Amino acid sequence: MLSMNRTILPDLLRRHLQPLTSMKQVESAQAFLTKTGLFFTQQPLLAKLIAFASLSPLGCLSHAQSLFEETAMDDPFICGTMIRAYTNSDFPIRGIHVYNHMIITGVGCDHFTYNFALKACARVIKGMRRDDVEVFELGIDCKGGEIHGRVLKLGFDSDLYVQNSLLFVYAQGGSVGLARKVFDEMSERSVSSWNIMISAYDQIGDFESADWLLRLMPEKNVVSWNTLLGRHVRLGDIEAAKMVFGEMVERDAVSWNSMIAGYVQVRDYGGALVLFREMQAAEVEANEVTLISVLGACAEIGELEIGRKIHESLKGKQNRIGGYLGTALVDMYSKCGKLSSAWEVFSGMKMRPVGCWNAMIMGFAVHGHCEEALKLFGDMEMQVGEVKPNRITFVGVLIACSHKGLVEDGRWYFSYMIQKYKIVPDIKHYGCMVDLLSRWGLLDEAYQMIKAVPSMANSLLWRTLLGACKVHGNIELAEQCFEQLAKWEPLKDADYVLLSNIYAEAEKWDGVQRLRNEMVCKGVPKSLGFSHVEMK
């Protein structure tokens, strides 16, 4: 048997070293390595399996992660592959974890390692929030400078790709002065170098320097014009963006993505979908960024059919749905009221960013499935080290409590958010609490909560409480809400009508007449009623 194995094993190894085309082949090769006891000795084959699983569109990053964690994690190529994969995923911070592991354990790094580690830093910085404790604990905002120091020490600072990644990380961190220093010291600059530096000035609003560099640039490409297009989109000047887009000789997917995102930004969701159809007619292949914007537009106007076709198309191509694209699908189905479809996508995702959990929790909460929302929040908290609730998560949790009338639970979650997660409540959290308390008749407590946060109290909170006063017939508190509302913004006809109806139900006709006279004297315009009909 042993002699037969010695004859057969090389042939089997050669078969598994053939080009991979599916995750089935990866799983088959993995089973072969495990069964034959070769898992820790066949590094070339293992590296190939991890590379396919982590980098191929037909791969599965969570499977690659499991494979990687079973190795000794001391192979420079495999570690570099994982950093690259995480950098291009929705979890770039995990790339930093792998890089830190390499430095601590002495795994050799080359210019490819530093290139992708810098890109991972840039992507984390770009997406980080002020309340993201993990990011600040890791010192990501300083990590780029730390890597720069190592690059200088090891002599990789002359590598063009590393230099461009340094430009990128400093630009994303807002350190444009440092980015410019790197740019000026470059002996050779690619088109990408110029584009990154121009984009850096654009991001801080220094359009004069950006345009000056654009004029000096020896060779421009579609990315250069995309930078200008992106500027107008960020500023919300959709007309200027359309002008640049119309004049572009060449357009790539990024050009179309910027315009579609621009329409979504100004809430012209119909325009975004029209442009998406034009993109398809121009035979430009939509990428993940395109689909995320389009699904966002579908979610806002209830275009379930387009969203469903996108989902079916992804399944037809056997694309693994995850990350932000999966989140966009969950959000679209949830907002269209198709919770079973949202749950199908959510359940099928191996790696879920916090936004995906939030979309599903919010979907359950808004549609009255409050027990499911709170259970899912509990499941989320059990994902130790994977994902952590943020301020949006607790908005969904508090909405669930409000819809179900779970007053005590609502109070508890509100305090839990502050004490456990150190999240400072914002206007949305207070809005949920005021709605919860008001809806269930605790008007005085709601009033005291609004008064306790005068810097945040706004017309929305007072209007919510005013509406609750009508339901519960509290005239005295309604008058106080009306007065407070007037301090925040000019009163609308609906505010007068609401208080007038409260007076009328209490048969206080003098109050009704006084409000009518006040509306006439102040010239408060009456809003016209309208209906919305969508023509197919």
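These legends walk through several close-up views of a predicted model.

Residues are numbered from 1 along each chain as its sequence is written, and side-chain values use heavy atoms, with hydrogens and water left out. Because the model is predicted, local features need pLDDT of at least 70 and side-chain atom pairs count only at pLDDT 80 or more, while totals for chains, interfaces and linings use all residues.

Figure 1. The protein has 31 helices and zero strands; helices (H or I, at least four residues) and strands (E, at least two) are DSSP runs, numbered from the N terminus. Its C-alpha trace spans about 100 × 65 × 50 Å along the principal axes. Of the 536 residues, 47% are buried, where buried means under 20% relative accessible area, exposed over 50%, and partly exposed in between (1.4 Å probe, protein chains only). Take the contacts (heavy atoms within 4.5 Å) between residues at least 6 apart in sequence: 60% of them join residues at least 24 apart.

Figure 2. A salt bridge is a side-chain nitrogen of Lys or Arg within 4 Å of a carboxyl oxygen of Asp or Glu, and the whole structure holds 22 of them. In one, aspartate 184 meets arginine 180, with 2.9 Å from N to O. These two residues sit four apart in helix H11 (residues 176-185), so about one helical turn separates them. Aspartate 184 is partly exposed, at 45% relative accessible area. In another, lysine 335 pairs with aspartate 331, and their closest N and O atoms are 3.4 Å apart. Both belong to helix H20 (residues 323-335), again four residues apart, or about one turn of the helix. Lysine 335 is partly exposed at 46%, and aspartate 331 is partly exposed at 22%.

**Figure 3. A salt bridge from helix to helix.** Here glutamate 505 and lysine 470 form a salt bridge, with 3.0 Å between the closest N and O atoms. Glutamate 505 is in helix H30 (residues 493-505) and lysine 470 is in helix H28 (residues 459-472), so the pair ties together parts that are 35 residues apart in sequence. Glutamate 505 counts as exposed, at 55% relative accessibility, whereas lysine 470 is partly exposed, at 26%.

Figure 4. Asp444, Glu476, Glu479 and Glu483 form a negative surface patch. Patches are made of residues with over 30% relative accessible area and no salt bridge; like charges are joined within 9 Å, and nonpolar side chains (Val, Leu, Ile, Met, Phe, Trp, Tyr) within 5 Å. Lys and Arg count as positive and Asp and Glu as negative, while His and the chain ends are not counted; the place of a charge is taken as NZ of Lys, CZ of Arg, CG of Asp or CD of Glu. Helix H29 (residues 475-488) gives the most to the patch, with three residues. Aspartate 444 belongs to helix H27 (residues 443-452) and is exposed, at 55% relative accessible area. For the protein as a whole, the mean positions of the 56 positive and 62 negative charges are 3 Å apart.

Figure 5. Asparagine 226 lies in helix H14 (residues 222-234) and is buried, at 7% relative accessible area. Leaving aside residues up to four places away in sequence, asparagine 226 touches Met248, Asp252, Val254 and Ser255.

**Figure 6. Two loop residues with positive phi.** Lysine 422, found in the loop between helix H25 (407-421) and helix H26 (427-439), has a phi near 55 degrees, a positive value in a residue other than glycine. Lysine 422 is exposed, at 63% relative accessible area. Glutamate 507 lies in the loop between H30 and H31; although not a glycine, glutamate 507 has a positive phi of about 60 degrees. Glutamate 507 is exposed, at 60% relative accessibility.

Figure 7. Tryptophan 509 is placed in helix H31 (residues 509-522) and counts as exposed, at 54% relative accessibility. Its C-alpha atom is separated by 76 Å from that of serine 22, which is 487 residues apart along the chain.

Terms used. Accessible areas come from the Shrake-Rupley method with a 1.4 Å probe; for residues, only the protein chains shown count as cover.
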